[in-house]
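Trainee: I would like to learn how to read a few features in a structure like this one. Could you take me through them?

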Amino acid sequence: MKICKVRSDRSTCSTCIATQEMFNVVDDCSKCKLNTDIYELLQIGTGFWSGDYAMVQKDGKITKVSLSRVYDVKEI
């Protein structure tokens, strides 16, 4: 079984950055819960319109994410 981490999408990060600017604070993105969750990597594929993608699973929920968001892949 392979596990991985998935980076947040750009809309989530931009909202967080806007909030930081509004309150004049700098948060550590490496401690963001969305960036540190562990997912099971089910499949990697390529779609004509969608490009490279990965199918990941967390708590029984399967999600299709861009392959560029997947990092820290490990075999366990």
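Trainee: Which residue forms a salt bridge with K5?

Mentor: Side chains of opposite charge can pair when their charged atoms come close. The term salt bridge is used for a side-chain nitrogen of Lys or Arg within 4 Å of a carboxyl oxygen of Asp or Glu. Here K5 pairs with D72, and their closest N and O atoms are 3.7 Å apart. K5 belongs to strand β1 and D72 to strand β5 (residues 70-75), so the pair ties together parts that are 67 residues apart in sequence. The structure holds 1 salt bridge.

Before we go on, keep in mind that this is a predicted model, where local features need pLDDT of at least 70, side-chain atom pairs count only at pLDDT 80 or more, and totals for chains, interfaces and linings use all residues. Residues are numbered from 1 along each chain as its sequence is written, and side-chain values use heavy atoms, with hydrogens and water left out.

Trainee: Is D72 buried, exposed or partly exposed?

Mentor: Buried means under 20% relative accessible area, exposed over 50%, and partly exposed in between (1.4 Å probe, protein chains only). With 34%, D72 is partly exposed.

Trainee: And where does S8 lie?

Mentor: S8 is in the loop between β1 and α1 (10-23); helices (H or I, at least four residues) and strands (E, at least two) are DSSP runs, numbered from the N terminus. Its relative accessibility is 12%, so S8 counts as buried. Setting aside neighbours within four places in sequence, S8 has contacts (heavy atoms within 4.5 Å) with C13, C32, L34, N35 and R69.

Trainee: How many bridges join β1 to β2?

Mentor: Two strands pair if DSSP finds at least two bridges between them. Strand β1 (residues 2-6) runs antiparallel to strand β2 (residues 38-47), with 4 bridges; K2 has L41 in β2 as its bridge partner. The pairing of β2 with strand β3 (residues 51-58) is also antiparallel, over 7 bridges, and a hairpin of 3 residues joins β2 to β3.

Trainee: What should I look for in aromatic pairs?

Mentor: Rings of Phe, Tyr and Trp (its six-membered ring) pair if their centres lie within 6.5 Å; planes under 30 degrees apart count as stacked, over 60 as edge-to-face and the rest as tilted. The whole structure has 1 aromatic pair. The ring centres of F48 and W49 are 4.7 Å apart and the planes stand at 85°, so this pair is edge-to-face. Both F48 and W49 are exposed.
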